[in-house]
Number of protein chains: 2
Amino acid sequence: MKLATLKNGARDGKLVVVSRDLTRFTDASFLAQTLQAALDDWQRIAPHLATLAESLETGSVPSSRFHEHDAHSPLPRAYQWADGSAYLNHVELVRKSRGSEMPANVETDPLMYQGGSDAFLAPRDPILLADEAWGADVEGEVAVIVDDVPMGATAKQARGAIRLVMLVNDVSLRGLAAAELAKGFGFFQSKPSSAFSPVAVTPDELGDAWDGAKLALPLHVDLNGKPLGRANAGEMHFDFGQLVAHAARTRPLAAGTVVGSGTVSNKLDGGHGKPVSAGGAGYSCLAELRMVEALESGGKAKTPLLRFGDTVRIEMKDAGGHSIFGAIEQTVEKYER
Amino acid sequence: MKLATLKNGARDGKLVVVSRDLTRFTDASFLAQTLQAALDDWQRIAPHLATLAESLETGSVPSSRFHEHDAHSPLPRAYQWADGSAYLNHVELVRKSRGSEMPANVETDPLMYQGGSDAFLAPRDPILLADEAWGADVEGEVAVIVDDVPMGATAKQARGAIRLVMLVNDVSLRGLAAAELAKGFGFFQSKPSSAFSPVAVTPDELGDAWDGAKLALPLHVDLNGKPLGRANAGEMHFDFGQLVAHAARTRPLAAGTVVGSGTVSNKLDGGHGKPVSAGGAGYSCLAELRMVEALESGGKAKTPLLRFGDTVRIEMKDAGGHSIFGAIEQTVEKYER
C-alpha cells in the first residue's frame, strides 16, 4: 500500500491511503489519525490500512483526486532521522571535495549521522536560506521507516523491521559543512530540514526491485528541469538491514525511526562515474558533480551550488515508467524573517 | 509549575502536575494527554496547567502521592534533542583525554551535537550495556524544552521560547567515542539513550537562581552514593539563549525541542578544578575526573569508567536544600537479548 499525510493545519497532518497510480486517495484517519499513530501500533493497524488500500483500488470506498502538492512529508516530524552513507562513491567524492581523509574502516563500518527530525519540509516546500553563501546542495536518497528495533538487532532482524520506503532530499549546506565537521561534533548547522517524497510505500509495492534491503532502480534527480542524476539506488555498499542494525548497536530504535541510505551514487569501471551530459549515470548531489568537474578539468568546478530560484526534483519510476513515490520538487528561496 | 509524565504503558505516558515539594501529583491529562501535546499548544494550555498547579498547592483538587520511580522522562520521546557543550572546562578536559585539539573558535561558536530522541530512558531506568568495554560515563547537565523557534532567532528571542527546565544524564560511551568521532560524522553509536529528571519545571519555579538563560545552582552528581560533582551550573560560557539560537541558525526548531547545556563543569583559579575529595567542586562526568587524575599523577587515571552494578545519581537542590527536579538515579546493567 501507499500512504501519505495531507496538510490539514495540524502539526502531524492527516493520514490517507493513496492509489497505486497516485491519482486518488481515501481518508485513513479513522484507523489512525497520523502516520506516527499507525506506526506506533503497526501490527494492529496495518492490516486495516491494507484492506482500505485494496478497496481504494477497486473503487469501493469514497475517494478524491490526490495532488502531490497537498502532501506533507509522510512523517511531518519524526522521533529520529539517522542517515547512513552507503554509497562509497559519494563518500569518496565529497571527502575529496572537502580535502578530508576517507575513514579507516569505511568498507566495514557504516558512516551514519544523527539528523534533525522535528521539522521536515513538505515535498513541494521551498528550501529557505538566509544566505546563498551557505552553499545549499540537493542530496537524493532512499529512506526506510522502521518499527521498534531492539538494541543489538542483527541485520536480518533489522530487515524484518522495515515498514515503509520513501525518497529524501537531505538538504546540505556545503558552505558550512567543513567548519562544522572540523569542530568534531557532526554536521549540525550544515544539515537543515530534509524533505521526503509525497508517498511512503510498503516494500511489497516495489516488486522485484526490492530484495528485502535494497531498492534497485535509478533515482531521477533533476536540476532546473535537466537530468543531474540517474544513479541506481541498488548499488549500496551497506544495505538497509545493515544500516538499521548499525543504528541499533548501542540503543533501541523506536517505531517511526527514519533511516536514510545516504546520497545515491554509482561507480563506473572502478572510477567515479560520469555526468549525465557525458552519457553517465550522473550524480544525486552537486558536490559530486563539482568534484568530478574539478578532477577532469584539473581546475575548478563549473557547476555552481544551488542558487536562489533553482529547482531540484527527485523521483523514482518503476519498470513501467510510473512514479512510485511521487516527486520531491523544491525551489531555493531567500529566507526573510 | 512542575510537570511530570507518569508511566502508563503508552509510549508517551500521562501528563501530571506535581506539587512544588514533589510529594503529590494531580492528573493533568484532561487538559493535554501528554507533555508533547501541551507543548504543541502551549499558549492555550499552559495557563490551565498553571491554574491546576495552584489548586494542587492549596489542596483543592484530588491528588495522590508522587513517586519519582513511577515517572518517565518528562518527554519519553521527543522530536529533537540537541546538546550543546557550554562549559569549556569540560570541553578542554575531554578533548585532552581523547588527544584531540580544541576547536578554533570554541569561545565564540558553540559546540552542539544532534542526539537521538526517539527512546529516552526514564529517570530510574537502568543503563543497559551489551559490553562493559563500551566505557559508559555519566554526564550531568541542565536542559531546556523550547516552544517553536523560527530560523534565525536571536539569543534574546530564543530565551523567550524557553518553556521548561530539567536535568539530564547524557549517557556517553567513552570506549566508542574516539572511533566514532574519527569518522567525522559525530558521536552516533557513542551516545545511546539519555535520561531526564522526573520533573520539568517552568522557569518561574527557579527564583533568583534563573537569570532567564542560566541556572546558577550546584549540580549534585553522585557515584555509588559518594559525591562526584557539585559544579555550579551557572558558569556557562554560552547561555541557553545563545545555545537555542545556535541550534536555530539554519532551520526552525519545533515545539518540544530539547536543548542541553553540555556537562556542567567549573574552572578553579584558571585551572581545571579539583575533585570533591580534594575539596573542589568535582566533576559531572568521570572522563573529567580521570583526566585530572592522569594530569596530577603524571600517569594513569585511578577511577574507572562505569562498571556493571555502579549507580549514578543526578539532582539539584534549591537554596533551602529541597530537590527541584527529583533525582535521576540509574544503575549500569548488562544487556541480555
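Q: Buried means under 20% relative accessible area, exposed over 50%, and partly exposed in between (1.4 Å probe, protein chains only). Which of these is B:Asp41?

A: B:Asp41 is partly exposed, with a relative accessible area of 25%. This is a predicted model, in which local features need pLDDT of at least 70, side-chain atom pairs count only at pLDDT 80 or more, and totals for chains, interfaces and linings use all residues; side-chain values use heavy atoms, without hydrogens and water. Residues are numbered from 1 along each chain as its sequence is written, while chains are lettered from A and ligands numbered from 1 in the order in which they are written.

Q: What is the mean pLDDT of chain A?

A: pLDDT is the predictor's confidence in each residue, from 0 to 100. The mean for chain A is 97, and 100% of its residues reach 70 or more. The model also scores ipTM 0.97 and pTM 0.98.

Q: With which residue does B:Asp41 form a salt bridge?

A: A salt bridge is a side-chain nitrogen of Lys or Arg within 4 Å of a carboxyl oxygen of Asp or Glu. B:Asp41 forms one with B:Arg44, their closest N and O atoms being 2.6 Å apart. B:Arg44 is exposed, at 60% relative accessible area. In chain A, the side chains of A:Glu315 and A:Arg313 meet in a salt bridge of 2.9 Å, N to O. A:Glu315 counts as buried at 9% relative accessibility, and A:Arg313 as partly exposed at 27%. Over all chains there are 46 salt bridges.

Q: How many residues of strand 10 of chain B are buried?

A: Strands (E, at least two residues) are DSSP runs, numbered from the N terminus. In strand 10 of chain B (residues 140-146), 7 of the 7 residues are buried, so the strand is largely enclosed by the rest of the structure.

Q: How do side chains sit along a strand, and which way does B:Glu141 point?

A: In a regular strand the side chains alternate between the two faces of the sheet. Here B:Glu141, B:Ala143 and B:Ile145 point one way, and B:Gly140, B:Val142, B:Val144 and B:Val146 the other.

Q: In what sense do strand 10 and strand 11 of chain B pair?

A: Two strands pair if DSSP finds at least two bridges between them. Strand 10 and strand 11 (residues 162-169) of chain B are antiparallel, with 7 bridges, and B:Glu141 stands opposite B:Val168 in strand 11. Strand 10 also pairs in the antiparallel sense with strand 17 (residues 258-260) of chain B over 3 bridges; there B:Val258 is the bridge partner of B:Ile145.

Key. Helices (H or I, at least four residues) and strands (E, at least two) are DSSP runs, numbered from the N terminus.
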